[in-house]
Amino acid sequence: MESVIQKIEAKYKKRQIVDVMPGDTVKVHQKIREGNKERVQIFEGLVIRASRKGSHTAAITVRRIASGIGVEKTYLLHSPLVLKIEVTKRSKVRRNYLTYMRARTGKSARLSGVAFDSDAVNAIHDEQAEQEEAKLHEKLAAEAEQKAAKESEAKAKEEAKAEAALARHKAKSEE
């Protein structure tokens, strides 16, 4: 018999998530809200930590160098704001927490790659996330269409004003 906590956890858990391990280079697609707008931001970097894999609080810490400064972000794998995680490269490591990568830059920060089937690893079909991403794209397309219609309407008004002014100018010059 399931406890109440397990039922609630199961409700908010994603059906399938990508198997991410330390040493993987990943692209994390995250939904960002700015005011009333939404967009998808991609953060690409090295996974230096993967914790609580079986839990609904499973998290990964992704590190990358941006403008010469190390940036680390921690993502909850089951968060509704994380739309998709793509594994682009898999490396051979023997630790779960790669703290030593913080001190390394340049050639010393390279990890030896391991061959893996990226299609099999990244083939996750979370219907809810795909529907949400499709809705976001439709919304953006509709907004762009409305903006284009307003611009064309304003341009048509300006052209009509210009033609009217030219007609008045011609009428005055003929008199």
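Before I point at anything, one term: a helix here is a DSSP run of type H or I with at least four residues, a strand is a run of type E with at least two, and both are numbered from the N terminus. In that sense A156 sits in helix α3, which covers residues 127-174. I will come back to that residue.

What you see is a predicted model. The mean pLDDT of the protein is 84, and 97% of its residues reach 70 or more. By element, strand β1, residues 25-34, has the highest mean pLDDT, at 91. Helix α2, residues 118-122, has the lowest, at 71.

Now the overall layout. The protein has three helices and five strands. Read from the N terminus, the order of elements is α-β-β-β-β-β-α-α. The C-alpha trace spans about 90 × 50 × 30 Å along its principal axes. The radius of gyration is 26 Å, whereas a compact globule of 175 residues would come out near 16 Å. Of the 175 residues, 25% count as buried. If we take contacts between residues at least 6 apart in sequence, 56% of them join residues at least 24 apart.

Back to A156. How far is A156 from G35 in sequence and in space? The two are 121 residues apart in sequence, and their C-alpha atoms are 31 Å apart. A156 has a relative accessibility of 42%, so it counts as partly exposed.

Next, the sheet. In which order do the five strands line up? The order is β4-β3-β2-β1-β5, in an open sheet with antiparallel pairing. The edge strands are β4, residues 69-76, and β5, residues 82-89, and each of these pairs on one side only. Neighbouring strands are turned against each other by 40° on average, with direction ignored. In general, the strands of a sheet pair through backbone hydrogen bonds, either parallel or antiparallel.

Two of the pairings can be followed in more detail. Strand β1 and strand β2, the latter covering residues 37-51, run antiparallel and are joined by 10 bridges. Across from K31 you find V40 in β2. Strands β3 and β4 are also antiparallel, with eight bridges between them. There, I60 has Y75 in β4 as its bridge partner.

Staying with β3, residues 59-66, look at T61, which is part of that strand. Is T61 buried or exposed? Its relative accessible area is 10%, and buried means under 20%, so T61 is buried. Leaving out residues up to four places away in sequence, T61 touches L46, V47, I48, R49, E72, K73 and T74.

As a general remark, nonpolar side chains tend to be buried together in soluble globular proteins.

Beyond residues up to four places away in sequence, V62 touches V26, V28, F43, G45, L46, V47, V71, E72, K73 and Y75.

In strand β2 we find S51. S51 is buried, at 18% relative accessible area, and it touches A58 and A59, again not counting residues up to four places away. R52 belongs to the loop between β2 and β3. R52 is not a glycine, yet its phi is positive, about 50°. With a relative accessibility of 46%, R52 counts as partly exposed.

The other loop links β3 and β4 and contains S67. These strands form a hairpin with two residues between them. What is phi of S67? Phi is near 55°, a positive value, and again the residue is not a glycine. S67 is exposed, with a relative accessible area of 77%.

Terms used
Residues numbered from 1 in each chain as written. Predicted model: local features only at pLDDT ≥ 70, side-chain atom pairs only at ≥ 80, totals over all residues. Heavy atoms only, no water. pLDDT = per-residue confidence, 0-100. Buried < 20%, exposed > 50% of the residue type's maximum accessible area, 1.4 Å probe, protein only. Contact = heavy atoms within 4.5 Å. Pairing = 2+ DSSP bridges. Axes fitted to C-alpha atoms, helices over the stretch in contact; angles between N-to-C directions. Rg over C-alpha atoms; globule rule 2.2 N^0.38 Å.
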